[in-house]
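Okay, everyone, thanks for coming. Let me put the model up and we'll walk through it together.

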Amino acid sequence: MAWWQRSKSGTPVVEPPSEAALAGAAEEITQAGAIEGKSEKELEVEPETKPESKPVDNKPQTQLSKEPILVVSGVEQTFQVGGQPLHVLKGINMQLDQNRLIMLRGRSGSGKTTLLNLIGGLDQPTKGEIWFNGLPIHKLSDNKRTIIRRRDMGFIFQAYALMPLLSAYENVELSLRMAKVPRGEWKSRVTEVMEMVGLGKRMHHRPFEMSGGEQQRVAIAKAIAHRPRVLLADEPTAELDSQMSAQIIAVFRNIIQTESVTICMTTHDPTILEVADHVYEMVDGKFV
């Protein structure tokens with residue numbers, strides 16, 4: 001939900017950010033802070049060779065590899081609820097090809113957000129394998145998954161996850177600090193991504209001075225600033241009207257081409273499915 005509204009006279013009325021928005025923004029910093037003080041050797045992630053597949057080269061390429069950037073194989077997820085097992089995911093098989101817009105479609109409770117969390121290494125599956133860029137993230141420790149997320153993944157949340165007291169520019173700059181991008185690159189990169197999402201003239205405004213669509217575009221700029229390989233978005237258009245949703249999808253298509261990134265997003269909006277390169281339909285924890 002946006003942090004601003006307009007009175008009948010048309011004058012903007014500033015409201016404080018919600019607790020949920022603050023919590024979402026703080027979680028990202030908490031994850032990065034949890035690994036501070038550890039040596040590089042402790043956090044080093046050694047690639048493994050996936051059976052019957054070659055690891056994806058992480059070096060810049062003039063021509064993209066045909067190997068998928070991420071593969072999910074036989075994934076199941078079960079939670080204990082009231083002492084009884086709740087099967088949320090039931091044998092998921094999928095892959096994310098490079099430079100594609102992939103959509104997970106399904107009603108609330110179908111399991112798409114749970115799957116997105118597993119793909120992003122925020123949780124580990126009860127059963128099955130998840131390979132990202134040649135690494136078995138289903139077997140890695142929390143610290144090593146955090147390193148992968150901070151370096152090679154970007155996240156976009158429904159609640160935008162922006163720090164309310166920082167300007168849009170400072171929010172994007174914060175993501176570069178967390179990813180340990182050299183300080184000399186901050187200014188040019190922040191300016192570049194803010195122009196990319198169409199907010200070059202609004203970058204010094206705070207989130208509560210922006211519309212919901214503008215805040216979401218700041219969140220996108222923040223997510224792509226450190227040049228991730230994969231961008232994961234959980235219902236990024238859920239709080240937006242149809243016009244704003246179309247603008248966000250247009251931004252996604254643009255950054256896929258300019259940033260060579262793969263985007264996987266969840267949605268239940270049928271109006272935006274036609275622009276996807278591939279759609280996975282989820283019903284009761286399975287693809288149909």
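So, to start: what share of the contacts in the protein chain with a separation of 6 or more comes from residues 24 or more positions apart? It's 72%, where contact means heavy atoms within 4.5 Å.

Two housekeeping points. This is a predicted model, so local features need pLDDT of at least 70, side-chain atom pairs count only at pLDDT 80 or more, and totals for chains, interfaces and linings use all residues. Residues are numbered from 1 along each chain as its sequence is written, and side-chain values use heavy atoms, with hydrogens and water left out.

Overall, then. The protein chain has eight helices and twelve strands; these are DSSP runs, H or I of at least four residues for helices and E of at least two for strands, numbered from the N terminus. Of its 288 residues, 48% count as buried, meaning under 20% relative accessible area with a 1.4 Å probe, protein chains only. The accessible surface comes to about 14700 Å², and carbon and sulfur atoms hold 50% of that; the areas are Shrake-Rupley, with a 1.4 Å probe, and for residues only the protein chains shown count as cover.

Now the sheet. Four strands make an open sheet, ordered E4-E3-E6-E7, with antiparallel pairing. E4 (84–96) and E7 (135–136) are at the edges with a single partner strand each, so one side of each has no neighbour in the sheet. Pairing here takes at least two DSSP bridges between two strands.

Lying across E3, E4 and E6 (127–132) is helix H3, residues 112–119, at about 60° to E4. That angle is between N-to-C directions, on a scale from 0 to 180 degrees, with axes fitted to C-alpha atoms, for helices over the stretch in contact.

Most residues other than glycine have a negative phi. Asn-99, in the loop between E4 and E5 (101–105), has a positive phi, near 60°, and at 13% relative accessibility Asn-99 counts as buried. Lys-180 also has a positive phi, about 60°, and sits in the loop between H5 (168–178) and H6 (186–196).

Last stop, in helix H5: Ser-175. Buried or exposed? Buried, because its relative accessibility is 6%. Leaving out residues up to four places away in sequence, Ser-175 touches Lys-222 and Ala-225.

Note on methods
Buried means under 20% relative accessible area, exposed over 50%, partly exposed in between (1.4 Å probe, protein chains only).
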